[in-house]
Structures are given as C-alpha cells and as structure tokens.
Amino acid sequence: MCGIAGFFFLKENKDSYLNSIKKMTTSLTHRGPDSFGYWSSNDNDVYLGHRRLSILDLSKHGNQPMTSLCGRYIITFNGEIYNFKELQKDLKKKFNINFKNKTDTIVLLELISKLGLRKALDKIEGMFAFGLWDKKDKKLFLVRDRLGEKPLFYHKNSNFIVFSSELKSLIEFPLVDLKISRKSSYYYSMLGYVPAPLCIYENTFKVMPSEAICFDSRATKKIIYYQIPAPKFNNNLSYEKCKKELLSTFEESIKRMIIADVEIGCFLSGGIDSSLVALLMQKNSKKKIKTFSVGFNESEYDESNFAKSVSKRIGSQHYDIKVDVDDMLQHVEKIATIVDEPFSDSSILPTFIISKLAATKVKVVLSGDGGDEIFMGYNRYYFAKKILNLKKKTPNILRQLIGQGIRSIPPALYDSLSSPFQKIFGLHGFSHKMTKLSNILEYKNNADFYKKLNIFDNEILYDSTTDYKNIFDKYQSTDLIESVQRNDVDYYLPNDILVKVDRASMLNSLEVRSPFLSHKVVNKAFELPIEFKLRNKTTKYILKDLLSEFFPKSFVYRPKMGFAIPIERWIRDRKFKSKISEIFYESEWNKFGYDKKKLIKKWENYKRYRSVTPQCIWMYTIAGMWLNSLRNK
C-alpha cells in the first residue's frame, strides 16, 4: 500500500514545482515509509509523487512513479492487483514482454500499454487508486477501484488539477485555497460523514468507486467501468449449489490476497466475517497465520474471548490487546487528524489500536470488512422487511402515531433501560436505534426510508431552509430491502467503513485487504436471491450456514456486537463534558453554515433533559474538533 500525489497544469506553466511535489509526498510518509519518488515532465506541466510500502519486489526496482516499457505512460499507484501473476503470463505469451521488475504495478502498466485503460480495468482484480499520465495524448487519468477501498481526492480549477491519497497532502500544494463547503457540511450533519463525490472543501472531490476520470486541457470526461449485477430471479436456483460456488469463489479470493513478499496476518474480531476469513486463510497457509484482536476490560463491551476461541480452533498464532473503553477518550482528537474531514464513526479508535498492534508483527492483514453490506448482515435489512409489511397492513396515521409515541420518550430513558441487556442483545446506542425506527415508520419512498434510517440530527427532517436534494434516489424502483443494501454499498461502505479502515491502518503503515470486496465475490453475492442472505430473522444467512459447518451454532448465531463504544458514557465524563461545552460555545460554526445558537441549545437541552441522542451530540463534537484543528494548521 502506498501514498500518491500529483498535479497537472491545464495552462502553460514555466515555474518549477519540485519542492511542492516533495512536500505533498512527504506528508504521506505514513502510507509508504519504505521509499520516496517523484517524476516531472520536461515542460513542468505534470508532476507525480509516490510513497511506497513495499509488499511485492522489495528491491528498488519496484519504486515509483514507474514508466511503461514503451515510455508512453507514467503511473503513481496505490493498491494491489491480486491476479497480476496470471495477467503477467498472458502478456508474456501474447507480446513477449520482458518485465523489468516483479511488481503488480509494472503488469498494470504494460496491460494498459497493450490493451488501453478501459480494457485493462475490466481484467484486473484488486483494490487501487492511481494517477496515470499519457505523454502522447497529454491526458491525466485518475482511477479508483470498484468498491472504493482506496481513497483518491482531487481539486480542480481552470488552471490545474491536483490529486492525492489524502486531503492533508492537497493542502501542501501552494496554489490551493480551500474553503469549507456548506453543502458537504449539511450532509455531514445528516450522515456523520461526507459522502462522495463531495469533500468537506469546495471544488474538491473524491473519485467515485469504479470511476475513471480523464483530464486534458480542453475537457473532463468520466466513465463508470463496473456495476454490481442485479439479482437472478430463478425459482429453480439450488441453494446448496450456490453455497458451494460461493465458498469456492470466496476461498479463491483469499488465496490471491495472501500472495506477498512479506508476512500476512488477519484481523480477528470473533464475528462471522473475520472468523470465516481467518479459517480459510489458515487452511490455505503453509504455516501458522498471525491473528489480531482488540478487547476491552469492561465485560459488557468485550468480545475478545470469541476471537481467542476461533484462534484456538483454527490453530493461529494469536495476539490481542486489552484496553479500557474510557482510556480511548484521550485519542478522540486523533479522529480529526486521521481522516482530514469531519468523521463521526467512533469505532475508528479501536480500529486504530488493533492496526497499531498488527503493524508490530506484519505489513499486511486480511479483514472481514464488507461482509455485512454484501451479505445483508445488519438488522436494518430485517427491519426494512418488517416495516414494508407493516406499511402494507396499517394506515399511515397509525404509523405516524406510533412514531410520535416513540419520539415522545426521552432518549436517556431508552439508554438507561437497555443498559443491562446491551451485551446479550447488542443494544448499544439504543436511543439512536429507536429514533431511527420512529422515523422510518413514516417513510414515503425508498430514498426517504434510507435518509431517515441514517440521519443523525432529526431536526434536518423538518428544516425548510435548505433545498439540498435527497441523494439516495437512485434505487426508487427496486425492492425496498435491495435499495437499502445498494445504498449501503454506494454510501455507508466506501464513505464510512472503508474510510475508517484505510486511515486507521495506513497511519500505522499497515495494508488491509478485504476478501469480501473481491468483485467476483460481490457479483456472486448480488446474483443470489435475497432469501439466501436474509431468511426470516436471520441476517447473513448463507455465511452463517457456511460457518456453522466448522463452528458450533451457539457461536455462529449469537447477537452481533461489533466495536461497541460507550458514547453516552463518554459524554457524561466530567473532563470530556467540559471539553464538549467549550466546543459548542466557542467553535466558529458559521464556517459550516450551522446556527451556533441552535447548537448550543441542543447541547444544553441534552445536559438537562437528554432530549437528543448521544450520537447526535458526538457527531457535532467531532465536527467542532475538526474545525478547531484547522486553527493549528
């Protein structure tokens, strides 16, 4: 895994910007501590920079930016091409190419050189983000992988394009003047993250998953090179046959991902997804794999014993770390510097801790990320099914009354009542869940359902001062449950889950690979009927069925917990409470377009009456921390 950066002047440029590309690339050292490189065109129009985390061909021959054998293409590449050995054989056979190093990057370059970028993208399997300069046609291409595992930002104006793996690198370019986007801050207050292609800054964007963008001096062209298939409607489809094919495809994905010139480990939470990954990884490894987990000293948040039992059963060499959940408070302000945007997913903290542990032993780990979105692992899919049936059977006025009744109960009461049962039933953040339930009871259509399902600040639902569109309207004509899943894959997965994993791991110079996000696995999963993934009350049915062939059913079918973080407890902490007050009262909220008086009232009402959810307060707290961190830059 690596860090990439570069810029392209759309108009004639006579000045040298070598120091700028060096500064931009140096700011990404954590993403690639092993080597540094840059390339610039003779006319100073194009600069490319690279920081390398050596995984394949550890010699200097694998350093970047890298030039194709024909000299036409120069690439700065971040990621892994998992099927590069097969592609290399094909290229040797057809074109008799003598590769100058053993990396996947040179294989990608020669594939582009011989077939063109579009056909090359169809052939490669992997996670990646790269900048490609075409010397002949004077075009810059920015490309991101199919599911959005690797980040790629760019800023565009009439004079230049500047791009990088992280926003902190863009800021190092001297000609960039970044201003906070009001539109982006609105969506942040809705979702707790900034959804692509938006970025927290104006005129600054994220390359979308499966997107290739071409820039030249005249125009910008975008293409989407991959789309998730529609489910197959075949009444004669054999469940057992599909299960067998899925296992084969998934295992093949893992076999390809454990190819490296360094040792590879595995994140192991003890959940369904990571347990299946670790099991198949150990099965296909010639020696004991290293597995890693993070646990909490407080039993109501700790699931590390499940990870240990999986490790014992598969025979891995297990490493774990135990922390106090309250000790993580001291790391909260790291969220602002890790992500470079407001980002309210508190589970980035344990992700950072486990990444730090794993990085002391290995350079690469496999993880179970993506399993919940691809195979319907969240309870929201089951509830969508229930709400859909309820809507068909009950009048709207009744559902409105039920929703109002749920909202009339203070969030603090929900959290207090659920406290004894949090571990047994996975009820952490219960007030937040009940608020969502009250909202979706009154949904109008698929887009409205997803918006109400994910909203953090309920006041947005009744805000008539903005006219920003509902961005979740792509799947209006599909089944409700399928629309929720596909919006999760379009929004929640790449903008929350994968951002969390990428930033927390790369800050520790650790590469994370996700077998569930192999596009061949994704294709298999989405071609399955919904009933194979969501059966009665059982989410992720086919995966649990697979795992139950190796583990006891009591282990497989226990309630899901995940990285549970006690946000409501943290907010009650005396020192942190004082910090939150300081943030709400002293932050320059007008830069976000937020009403300062309303936010202060929200905080005061929370302290007195617990009239909003802790998650809402946390979301604005993180936004204020990020905003205040800008003063020090």
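1. Glu333 is partly exposed, at a relative accessible area of 47%. Here buried means under 20%, exposed over 50%, and partly exposed in between (1.4 Å probe, protein chains only). The model is predicted: local features need pLDDT of at least 70, side-chain atom pairs count only at pLDDT 80 or more, and totals for chains, interfaces and linings use all residues. Residues are numbered from 1 along each chain as its sequence is written, and side-chain values use heavy atoms, with hydrogens and water left out.

2. Lys579 pairs with Glu333 in a salt bridge, the closest N and O atoms being 3.7 Å apart. A salt bridge is a side-chain nitrogen of Lys or Arg within 4 Å of a carboxyl oxygen of Asp or Glu. Lys579 is in helix H25 (residues 574-586) and Glu333 in the loop between strand S15 (317-323) and helix H10 (334-339), so the bridge ties together parts 246 residues apart in sequence. Helices (H or I, at least four residues) and strands (E, at least two) are DSSP runs, numbered from the N terminus. Lys579 is partly exposed, at 26%.

3. Asp545 bridges to Lys243, with closest N and O atoms 3.2 Å apart. Asp545 sits in helix H22 (residues 541-547) and Lys243 in helix H7 (residues 239-257), 302 residues apart. Asp545 is buried at 15% relative accessibility. Lys243 is buried too, at 7%.

4. Lys283 and Glu251 form another salt bridge, at 3.1 Å between the closest N and O atoms. Lys283 belongs to helix H8 (residues 272-283) and Glu251 to helix H7, so parts 32 residues apart in sequence are tied together. Lys283 is exposed at 58%; Glu251 is buried at 10%.

5. The whole structure holds 38 salt bridges. One network links Arg31, Lys150, Glu166, Lys168, Asp340, Asp502 and Arg503.
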